[in-house]
Every structure is written in structure tokens, then in C-alpha cells.
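Please look through the notes below with the structure open beside you.

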Amino acid sequence: VLFILNGLERLNLDFRLAGTELCCDPNEPVPPSAIVVNLLRKYLLPEASIIVTTRPSAVRRIPGKYVGRYAEICGFSDTNLQKLYFQMRLSQPGCSGEDSAGSSSGEQENLVEMLSRNLERHNQIAAACFLPSYCWLVCTTLHFLYFTRTVPPSQTLTGIYTSFLRLNFSGEVLDSTDPTNISMMKYVAKMVGKLAYEGVMSRKTCFSEDDLQHCFEVEMKTESELNLLEVFRNDVFRFFLTPCVQPGKEHTFVFTIPAMQEYLAALYVVLGEKKTLAQRVGKEVSEVIGKVSEDVAVVLNIISKVLPLRFLPVLFNLLKIFPRYFSRLSGKNRDAIAHTMAEELFKEEDYYNDDVLDQINSSILGMEGPIRHPDEAPDDEVFELFPIFMGGILSRRNRAILEQLGCSIKNLAAFEIAKAMKKTVIRNSRKGLPPSELMDYLFFLHEFQNERFTAEAIRSLRTVNLSSVKMTPLKCSVLASVMGTTCHEVEELNLTSCNLDTSSLRILFPVLLRCKALHLQLNSLGSDACKEIRDLLLHDKCVVSNLRLANNPVGEQGAQYLAEALAGNRSLTHLSLLHTALGDQGAEVIAQHLAKNQHLQELNLGYNSLTDTAALHVVEVAKKHATLDKVHLYFNDISEDGKWALHSLRMDRDGVRALVFLTAGTDVSDYWSNILNVVQRNLPFWDRERVRQHLALILQDLESSRRQTANPWRKAKFLRVESEVKKMLGKLQHGT
């Protein structure tokens, strides 16, 4: 028989004969502790084998003469074991959902490869993954980052970290022999949380032995407190803090997982451990006076019925003053928590960092590109997860888990903090936030899991600019979930250069319906994505009036879907298909369906390799359109004859303006600055050589028209426009 006794530190065993009598009969009824002691003495069932697990601080509770072998479970000492674990865990079937099994297998292999490379070159994460439970945390975080596609997301990042702590510390008491019976997690939040918070405030991730002593030992007053600290040092310290492996920092400590520092700092603040001296003293005095006042109140009530003395009610009220005063201090503490959250969430020095989800991804998988030289000064430490974790910890589900760990956050406290946040967080969010910071704010609202608060915050966002944010499926799910708490119309949603694909549009579909101006430029959206956009524009609740699809590989098939959308849509007034590889066939398809549209006012088909026939056909159809008055056709393959044919269809005769060249006969076009601004904005994304050729043709056209006019005023205008074109050509030639 093999007995496995798990968690010896929870039992207070007495091996003295006077404390536990000898027993060798399995049938004799004795207390459980006596059974365990006699098993370990080998007096009861001596042939049985016994394995006992315990924390280091309790090893000596069993006398050495009863122990045959000591073994310490260290973790994954070999990096290859870590890689094997990650490969098995991340390659589990169905981990990325059922919809994308084919495409996800390649992504899973890529994740394993990137993680393996980072383990080889980044010693700190390899040191963290020495502990198997941290390998679990890394894998669970990667699952969250890469394979979340549901709306709303099924979990939160804060929830992952809270569940991780529950897996490791649920039901754990720091020292079962101590009368305070403090839970291990409560002690960690108090001691390690203080160190984490001070590190966040001073933007520090490495801690010296002096820093540890300052945080852990400065307030130690009693023998009991020192004993608890000793148990903590032996059992828990190495789980959260590990020696730094960076050159030159060998004698310092860092948090095993960087984000854990921000989580524990957030927990420290939300639990109210960060108190002023008045609040700490006030709480103790308030509790004493509060208890005394209850007893005295009973006596005073009895005396007042026998002796009607006037001073008794006054004395009775005086006893209640201090507890009431302390409750005001507590209210101020909750205001301070809300203020800290808002201040950290909207720090201007962090405005132009990557968003927090990209930061977490980089910390796990590493940064692609050249590795930093060891002597090179590191970038400033960034702690943008700290306020997000504060919000996440206040969510109902995380508070329930923390309650099991001995870290109680009352409903009333969470309600009052949320109430105070409305004055600070929502007001600060109304200022124009950079795209990455706005993504962090949306992620904060997702982590907070307070639908009423989120709805109030989102109503104030009429313009959402997330340009250049890499919109992964998780970020799309967060955006759709947070925006879905209200049904108000959004004036503008800018998703330019966001790595969107067809699945992204599918996730965001309910949000896109409510956007008046929709910017989807530079997203590699092909024909499949155009099919989704067609369904969007044909939806009866669609309010999109301005759609920009410039610099996407729409192609002829995509043009077919968009043409069908134009025929049935009633909201669209401006459509930009600049540089979308339409070709003559795509333009012809759009022209054929244009007659069925009754609302379009402006159509941009510039830089699409259109020839004279297609361009003239589009303009001929536009002439007969009820509302269309502007068609952009610059940077197409239009001949000089085609140019004059288009110029003959002037606005005063036909009601449509065709923007083709910078000249209009012997004058400069009224729209020359519009055309050059479009070219200027798109220079980084267009084919340099082709743009150079077009600009050279434009310059020749300007010079020719200038020579044909005798008007000095017009000549001056021509010279001004020529100088702008020459500047662009100069930038192209110098590669700037």
C-alpha cells in the first residue's frame, strides 16, 4: 500500500509519546492525527510506503529518524522540457476553436517556434518557466491573446492571473501554528504587493536586498510577525521573486513574471493596504471605540430610563463621532483608489507606447529584430497593465475568487470606487487619446466587467481612432464587446492600417453598422472581405455614409461585390476606392451598377490603371446620376486625348466634376491641392517608380500649360504648383 499525505504543513502533529499514544492495530479507533503519526513512526502498517509533501518551512516537523529520503521538486531544469511542455500544450486540438482548424495549426507551430527562440535568447523567461505553474500561465495567456474569437471574450487577463493564484494558493494558510491564521494570499498581497507597488511608482523592476528589507522588515514589531516573515521567506518568496540573470544585475531580484508585479501592486491598492498613517491609526482606534460604544450605549440606555440626565444623550453621540469620522476617511481612501486608477491609465508619458496586449505578447514571445546589446541603456519601464488590473480585480467574478483566497473586497467598496471613477476616468477619456492608448482604455473597460459603467463611458466616444493598432481577433472582440454595451451611432471609426481580414470584419460587423464614417485603408482586404462589406452596406440598419477602402487589393471580384452593394445601399454618400487594383473591368462593373444608386455624391477611382474607355464610361454614367458630382480619376493610364475628352465634360454643362489632372485647359485645376495632398499621404504605400513617372507627366503637363497662357497671374499659379510637384519628386529621388 502506498499512502500519499499531501500538505503536511496543514497538520499539527505531535510525535511525543505523551502527546500521541502508540497504535499498531488498524482496527483501533483513534484520532486522524494519531493514525498519521503512527504510520510515519512505522508502528502502524510498517510494510506500507509513504510519500509526504510539504512546504520547506514544515520539513522538520517530522523527526529525521522517521524519514528515509528527502527530495525537492525543483521544476523544469532542462529548457528542452519547457519546450516540450509548450509544444504539447499549444498543439492540443481545438485550442483555437472549431472555425479555423486549418489556418490555426500553422499559427500554433509559429507560436511554439517563437516561444522556443525566446527561451533560448531570453534567460529571464527561461528562469520563470523553471516552475511548471508559470509554464501554465504563459500558455493560458497565449491562448487568450491568439485564439479568442468570441464576443464578448470568454475570459479576462485579470481573470487568468486570479485563477493562476487560486490554483496555487487556494485554502493555503501561511502558518497553521500561528493564531492569526492569515491566508497566504492575503500576506503576499500585503508584503509583496507593497514591494510591487513601490516598484511601479518608481518605475523599477529590479530590487536589491535593501529594498526587500525596507518593505518586509521595517514594520516588524513582534515575535509572531518575524516568524511569519521567516515562513514566507522559506515557502513563498522564490515563487514570486527570482534572482535577475541580466549581466550587471546578478545581486538583484525581479518578479518571476513581469506582469505579476503589476497585478500584485493593483491588488495591494484595491485591498486598501496603501493607507496613510491617519487611516491606519484611525481604523484601529475606530474599532476599539466602536466596540466600547456598543457596550456603553446599553448601560446609558438603562440609566437614562431611571435618571433623566440631560448630558447622557450628548455623551452617547460623542462616542459615535470617531467611527463616523473614520468612515469618511474610508470614503476618501476609495476616492484615492479611483484617482490612482485614472492617473495611471492616462499617463501622458505612456501615450505613444504599444498597447498593453502587444506589450504582453512581446514579453512572452520576444521582440522580432536585432537583439539589444548588453551595454545599451534599456528603455524606460512601462507599467500600463497596473491600472487595468485594478479595474479587473474589482469585477464581481475576480472578487469572488479573491474572497476564497482570503482577500475580501466588499460589494459596497467596489460600488463606491466605480462611482468615484465616473468623475475621473470618464472625464479623462473624453480628451483625444492616441490610438494605442484608446485601445488600452477599451481593454480596461472589458477587464472591469461593469456593463453600466462601460455603457456610460462609451456613450461619450463619438469618434474612435485606432489607426495603426494591430487589431488581432482578441482586440476586435474587445472592441465589439465594449461598443456593444450601447447602440448609439458613431461619427467616425478609423481602422486604417490595422491588419484587418475577413474574420475581423465578421467580428466587428455589429459595430461597423453604426459608424457613419468608416476608414478601412491599408488593410490587405481582398475580395472575400468585400463580400462582408457588401453584406454590411445592404443591411437595413447600416448608417455608413463615408467608406474609405484605399490601398486594399480589392480587384475585379471585389469590385463586383461592392457594385452590388452600391446598387442596394441607401446611406453611402462618399466611396474611396483609390489604389485598389480595379482595372478597367472593375471600373466597368461599378459603372453598370451606379445607375441604380440614388445617394452617392463622391467616388474616388484614382490610381487604378484605368484607360480612356473605362474612365469616359464612368463619367458618362456619373453625368446622369441624380446626386454624384465628383469623380476622382487621377494617376490612371489616361492619354492626352482622353484627358481632353474628360475636360470637355465640364461642371457647368454636365453637373459632374472629374478630377484627372492638375490643369484645366490653360489654368490650374481648382482641386490641385486636393490631388497633391492625396498623393503626399499615400507616398509611403505606393510604388515609388510608378508615382515618379506620373509626377513627371504631371510636371510636363503643367509646364506645357504655363507656356500656353499669357496671363501673369495664371503663370504664377502654375509656378507654385510646379514647385510642389518638384518637391515631391525630390523626396522620391532621395528616398525620404
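1. F448 counts as buried because its relative accessibility is 3%, where buried means under 20% relative accessible area, exposed means over 50%, and partly exposed lies in between, with a 1.4 Å probe and protein chains only. F453 is likewise buried, at 2% relative accessibility. Please keep in mind that this is a predicted model, in which local features need pLDDT of at least 70 and side-chain atom pairs count only at pLDDT 80 or more, while totals for chains, interfaces and linings use all residues. Residues are numbered from 1 along each chain as its sequence is written, and side-chain values use heavy atoms, with hydrogens and water left out.

2. A search of the whole structure gives 25 aromatic pairs, a pair being two rings of Phe, Tyr or Trp (its six-membered ring) with centres within 6.5 Å; planes under 30 degrees apart count as stacked, over 60 as edge-to-face and the rest as tilted. The rings of F448 and F453 have centres 5.1 Å apart and planes at 85 degrees, so this pair is edge-to-face. Elsewhere, Y134, W136, F164, F169, F239 and F240 form one aromatic cluster.

3. Which residues does Q82 contact, leaving aside its neighbours within four places in sequence? They are F76, L119, A126, C129 and F130, where contact means heavy atoms within 4.5 Å. Q82 belongs to helix α2, residues 79–90, helices being DSSP runs of H or I with at least four residues and strands being runs of E with at least two, numbered from the N terminus.

4. In helix α28 (residues 672–682), the buried residues are W672, I675, L676, V678, V679 and N682. Seen down the axis of α28, they fall within an arc of 155 degrees, so they line one face of the helix; the arc is that of the directions from the helix axis to the C-beta atoms. An α-helix has 3.6 residues a turn, so residues three or four places apart point the same way.

5. Some backbone geometry deserves a second look, since most residues other than glycine have a negative phi, and most peptide bonds are trans. S468, which is not a glycine, has a positive phi of about 75 degrees and lies in the loop between β5 (463–465) and α20 (473–483). The peptide bond from V151 to P152 is cis, with omega near -5 degrees.
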